[in-house]
Amino acid sequence: MNLDFSPEENAFRQEVRAFIKDNYPADLRAAQNSGQPLTRDLYLAWHKVLARKGWVAPSWPKEFGGTDWTPTQKYIWSEESAAAETLPPLPFGVSMLAPVIYTFGAEEQKKRFLPGIYNGEVWWCQGYSEPGAGSDLASLKTKAEKITADDGKEYYIVNGQKTWTTLGQFADWGFFLVRTDPDAKPQAGISFLLIDMKSPGISVRPIVTLEGGHEVNDVFLDNVKVPVENRIFHENQGWTCAKALLAHERSGIAGVARSKRNLEKLREIATTERSDAGGSLLSDAFFRRKVAELEIDLTALEFTELRTLAGESSGKGPGPESSILKIKGTEIQQRLQELALEAVGHYGAPFLRDLGHNAQIGPDYAAGLAGEMFNGRKTSIYGGSNEIQRNIIAKMVLGL
Amino acid sequence: MDFSFTEEQSMLRDTVASYLADHYSFEQRRAILGQEPGWSPAIWKAFAEELGILGAPFSEALGGLGGGPVENMIVMQEMGKALVVEPYLGTVVIGGGFLKHSGHAGAEALIAQIIAGEAIFAFAYAEPQGRYNLADLKTTAARDGAGWVLNGHKAVVIGGPYATHLIVTARTGGGQRDAQGVSVFIVETSAPGVTRRDYPTVDGFRASEITFENVKVGAEALVGPEGHGLPLVEKVVDEALAATCAEACGVLQKLHEGTLEYTRQRKQFGQPISAFQVLQHRMVDMFIQVEQAVSMTYMATIKLGDDKERTKSAAAAKVQIGKACRFVGQNAIQLHGGMGMTDEMAIGHYFKRATMIESAFGSTDHHLARYEFLSLGQAA
């Protein structure tokens, strides 16, 4: 047991740091600093640079573009990315769909879809949740009926509604869970379909969230015609794909490196802000205790993640223990957000979005904090709510 | 970066675990605690001779197994699972720690006696007025020719009744709470002027109030630099903290497992109470606490060799472990219902140990304040 980095690992860190510094797109950096919503091209700008470098998807198998990095190298990569506040490649294609395709897909599906995901040419969105199927995802009702069309080929005709589709307004394609056997038990009658978002019959409607942003959408499917070769894995066995995807979604969700960076920023804010007594807020007995406890909890999460990674490197995939990372990771992200908002006092209140670029009200760092905190409440709800994660641990780990 | 155990380390764990499974069951422990002297010299002899574990963290040159903090962690975690009262912490971790780090002239001989099971150490550092401040000392050591003469009162010396040697912190200069003027001595318990008042502790150990009345010791009794001993004390206490965290991990794992097992077999309203979601989520939260305690113990143990990070890491780990001991311990009793209140079941005994670990070498608040200072600087 040791925490030492080898000379090769330190050299790798320098290489990563220099690459980010020299290649991070300046227009993306400027847009991130301004706090304004990003355009589609900006969302993909860094992704495309990484694709050219070969670093988009470190965790994929090497044959599809993975880097074959050790867990330590991946750890270094995420630390450096977080420290430089990069915008990581969007998760929908790279971390959610791709593992399903390379694990369960047919050869021609891997060839057809993985390159577009890797290069950032195709924007993917997720069609899982429905108005009546949230935590109880298997109760989904969107229906797909198989027909043979006039061209002699088989198609699914899909009807239903999906919701909470993140950034669906930009998507070229979506991966959907649909019911192909209405008579089977809930989990047994589901299939995993890839659908072109330009298909006739698809419409996307924005949902404005409480902080005022447009991030999520409703997706309506009205007699959408989907070729059967767009189905991943067997008919009625899509739940197997869905479960695998959720485990991947959970393991990346701890966000330790990003939280460490945000903790640094919180400390900077609390050093600048004044306490009632006139000293720095960070010297205030009550506030500093909250910061210290958060820091210790984050350390515990970090080492729990490192233990999980060490287990994975010995051949195990992310298991149900990754639910711990989801629960603690999101709790810590939320505490960071609420403490940052708490730290800025009065200047948490102004709502600046519609005032334009020159709205200088209060300190710069205070401007987005309330929005981030409001938006951040989603993290303990999405990806299987934290209560569902406790059910997963109870059943899969504790055997209750 | 590497989180795996070597083959030797895994064997060490298996050896200790299987020996304790055979010789230190809950009933066997109860028998040991229920009669004088309140610990088992026979078990200790077996640790030395059969298992060879009293040499776990000492170099092979000294006759040990060539291990270090990780080996102490492994042994302490298994001892926690069995609620072992025999003084591995006081003797091997603390006594051995002072001898290893001080460059004391007699260290080699004393370590050989530790490994052989002959020298047993207890750590006489706390004082009635001092709470958790290691420098708050009224005990004095004054020069007496070439040697020293000690006077003072040491509080709740765990393992005092069966120790052959005491590690004593005393003031050779400075004011009552000054960092300067702290020195460390080795005093044999048989020395004239050492008086013990022995008693049991609530979690099954034996301890003593020890008074020193004009106790004369030779020059060789001084361990480490005269008047500048506090850094040495802090270093060894950080090692003791990490080892105590490891013990706590064993205790916590047993509290959690015991609760899972009990709720599976206890039926109410026509079903096992483990089927109730409110209890399932409680047990998941206990599990998360246990896992994080283990993670922090690894972290603190690995960082013992890093002089810059060591103290902050040990404090952080103790905060996490202290909270885990309270949450997991109290909920284990709660989920056992009335049975959790009985002396008959092991669970209550693990709870009592967990509760005492909360304040061992400083409470959660103490270490949180220490962490705050080290990470965030001085408070206003």
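Modeller: Let's start with a term: a nonpolar core is a set of buried Ala, Val, Leu, Ile, Met, Phe, Trp, Tyr and Cys residues joined through C-beta atoms within 7 Å. Keep in mind that this is a predicted model.

Colleague: Okay, so how many residues does the largest nonpolar core have here?

Modeller: The general idea goes like this: in soluble globular proteins, nonpolar side chains tend to be buried together. In this model, the largest nonpolar core has 154 residues, and Phe185(B) and Leu252(B) have the most contacts inside it. Helix α7 of chain B, residues 230–265, gives the most to this core, namely 16 residues. Apart from that core lies another one of 53 residues, including Phe113(A) and Phe233(A).

Colleague: Which residues is Phe185(B) in contact with, leaving aside its neighbours within four places in sequence?

Modeller: Among them are Trp148(B), Leu150(B), Val168(B), Val217(B) and Leu222(B).

Colleague: Is Tyr199(B) buried, exposed or partly exposed?

Modeller: For this you count neighbours: 20 or more other C-beta atoms within 10 Å means buried, 12 or fewer means exposed. Tyr199(B) has 14, so it's partly exposed. You'll find Tyr199(B) in strand β6 of chain B, residues 194–200.

Colleague: How do I read a pair of helices, say α4(B) and α5(B)?

Modeller: Look at the angle, where over 145 degrees counts as roughly antiparallel. Helices α4(B) (69–82) and α5(B) (88–102) pack at about 170 degrees, with axes 12 Å apart. That's why α4(B) is roughly antiparallel to α5(B). Where they meet, α4(B) brings Asn72(B), Val75(B), Met76(B) and Met79(B), while α5(B) brings Tyr88(B), Leu89(B) and Val93(B). Six of the contact residues are nonpolar, one is polar and none is charged.

Colleague: And how many residues does each chain give to the contact between A and B?

Modeller: Chain A gives 36 residues and chain B gives 31. On the side of chain A, the largest share, 15 residues, comes from α9(A). That side divides into 20 nonpolar, seven polar and nine charged residues.

Definitions and conventions: Residues numbered from 1 in each chain as written. Chains lettered and ligands numbered in written order. Predicted model: local features only at pLDDT ≥ 70, side-chain atom pairs only at ≥ 80, totals over all residues. Helix = DSSP H or I, 4+ residues; strand = E, 2+ residues; numbered from the N terminus. Contact = placed C-beta atoms within 7 Å. Nonpolar A, V, L, I, M, F, W, Y, C, P; charged D, E, K, R; others polar. Axes fitted to C-alpha atoms, helices over the stretch in contact; angles between N-to-C directions. Parallel < 35°, antiparallel > 145°, perpendicular 65-115°, else oblique.
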